[in-house]
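This report describes a predicted model.

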Amino acid sequence: MSATRRRVLLLAHPGRPEALEVAIGVADRLTEAGIEVRLPAGELADTTLGRHPVVVVHDGDDPAADVELVVVLGGDGTILRGAETARSANVPVLGVNLGHVGFLAEAEREDVEATVDHIVERAYDVEERMALDVVATLDGREIARSWALNEVTVEKASRERMLVLTVEIDGRPLSTWGCDGVVMATPTGSTAYAFSAGGPVVWPGVEAMLVVPISAHALFARPLVVAPTSDLAVDLVPGTEGYGVLWCDGRRAVDLPPGARIEVSRSAQPVRLARLSRSPFTDRLVAKFDLSVHGWRGRSRQGG
């Protein structure tokens with residue numbers, strides 16, 4: 001009886017020639033190793049990658065079904081799209097950075113060949129990252145339901161008017177802010193929008209949620225780190241003129257009128273990330289933010 005055929009779902013930015021070129025090389029090497037390379041139907045199917053003879057275009061509703069790994073070539077935006085596809089099938093996602101910072105990526109452009117070797121040899125670990133569930137309601141009626149790996153944000157819809165938001169934690173009101181919005185983030189998202197808004201960097205091993213106001217006009221408007229079991233809620237104060245927008249990972253948007261309520265909690269379904277090494281998160285911070293470590297002499301390992 002033959003072993004089950006190994007399959008990998010390959011994603012790349014359809015509008016970036018470099019990403020498609022790298023993807024074709026990855027597809028060739030994986031196919032040579034006996035691994036089927038699958039593409040989702042859609043934009044990629046009409047590219048040079050989609051027309052490449054070694055790939056299989058999957059036109060079903062769940063392209064990540066029965067694959068062992070989703071491999072994404074691109075920046076954080078493309079990797080977030082890959083995580084969305086992988087999460088529905090509970091499959092790990094492995095990102096190769098072809099963008100700028102690429103905090104979600106596990107490897108860089110120059111590491112592609114070694115990354116393929118890791119995939120072929122199954123030489124990777126799988127790490128679970130917290131995700132957030134979000135439900136938006138208006139007068140008790142559900143108007144949106146989604147999830148996020150990095151962050152859920154409520155932002156003002158127009159530049160001219162600020163939002164008036166009441167923030168609630170664990171069923172109790174915390175404060176009302178006149179602001180540009182609020183970011184509710186996971187530790188994974190602490191280096192993304194939450195960081196730009198002034199929030200702290202949170203190590204991935206910490207289980208917590210962040211609440212970071214955006215340009216709040218209030219005396220108490222500091223970033224908060226709350227328990228992973230906390231229930232967060234944001235109310236757009238009724239009777240005000242500020243309309244908002246709910247964003248999930250900067251990808252999925254829903255318009256919010258005054259009176260809307262947004263509830264955020266830890267998701268029961270995490271996102272699974274494939275890891276090729278166990279290097280400390282500190283090293284990733286130093287590399288991605290190009291931090292100066294000049295003068296560091298290291299710890300003495302001889303006890304003297």
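In this predicted model, the side chains of Asp66 and Arg38 meet in a salt bridge, with an N to O distance of 3.0 Å. Asp66 lies in the loop between strand 3 (55–58) and strand 4 (69–74) and Arg38 in strand 2, so the pair ties together parts that are 28 residues apart in sequence. Asp66 counts as exposed, at 53% relative accessibility, whereas Arg38 counts as buried, at 6%.

A salt bridge also links Asp180 with Lys156, the closest N and O atoms being 3.0 Å apart. Because Asp180 is placed in the loop between strand 12 (172–179) and strand 13, and Lys156 in strand 10 (residues 151–156), this pair ties together parts that are 24 residues apart in sequence. Asp180 is partly exposed, with a relative accessible area of 25%, and Lys156 is partly exposed, with a relative accessible area of 23%. Elsewhere, salt bridges with shared partners join Glu106, Glu127, Arg129, Arg275 and Arg284 into one network.

Glu18 and Arg16 form a salt bridge in which the closest N and O atoms are 3.6 Å apart. Glu18 is partly exposed, with a relative accessible area of 36%; Arg16 is partly exposed as well, with a value of 27%. A search of the whole structure finds 22 salt bridges. The table lists some of them.

| Asp180 | Lys156 | 3.0 Å |

**Domains and their interface**

The chain is divided into domain 1 (7–129 + 271–289) and domain 2 (132–266). The C-alpha centres of domain 1 and domain 2 lie 30 Å apart. At the interface, 15 residues of domain 1 are in contact with 14 residues of domain 2. The size of an interface is often given as the accessible area lost when the parts come together. Between domain 1 and domain 2 the buried area is about 1400 Å², and carbon and sulfur atoms give 71% of this area.

Three salt bridges are found across the interface of domain 1 and domain 2. Three residue pairs are in polar contact across the interface of domain 1 and domain 2. On the side of domain 1 that touches domain 2, the elements giving two or more residues are helix 2 (76–88), strand 7 (125–129) and helix 5 (281–289). Helix 2 gives the most to this side, with six residues. By class, the side of domain 1 that touches domain 2 has eight nonpolar, two polar and five charged residues.

**Two buried residues**

Glu36 is placed in strand 2 (residues 36–40). Glu36 is buried, with a relative accessible area of 14%. The side chains of Glu36 and Arg7 are joined by a polar contact of 3.3 Å. Not counting residues up to four places away in sequence, Glu36 touches Arg5, Arg6, Arg7, Val8 and Val56.

Pro187 is found in the loop between strand 13 (181–185) and helix 4 (193–196), and counts as buried at 6% relative accessibility. With residues up to four places away in sequence left out, Pro187 touches Met130, Val202, Trp203, Pro204, Val206 and Ala208. The C-alpha atoms of Pro187 and Arg275 are separated by 17 Å, with the two residues 88 residues apart along the chain.

Methods
Residues are numbered from 1 along each chain as its sequence is written. This is a predicted model: local features need pLDDT of at least 70, side-chain atom pairs count only at pLDDT 80 or more; totals for chains, interfaces and linings use all residues. Side-chain values use heavy atoms; hydrogens and water are left out. Domain bounds come from an automatic or database domain assignment. Contact means heavy atoms within 4.5 Å. Buried area is the accessible area (1.4 Å probe) that two parts lose on being put together, summed over both. A salt bridge is a side-chain nitrogen of Lys or Arg within 4 Å of a carboxyl oxygen of Asp or Glu. A polar contact is a pair of N or O atoms within 3.5 Å; within protein, one must be able to donate a hydrogen and the other to accept it, and residues adjacent in sequence count only if both atoms are side-chain atoms. Helices (H or I, at least four residues) and strands (E, at least two) are DSSP runs, numbered from the N terminus. Ala, Val, Leu, Ile, Met, Phe, Trp, Tyr, Cys and Pro count as nonpolar, Asp, Glu, Lys and Arg as charged, and the others, Gly among them, as polar. Buried means under 20% relative accessible area, exposed over 50%, partly exposed in between (1.4 Å probe, protein chains only).
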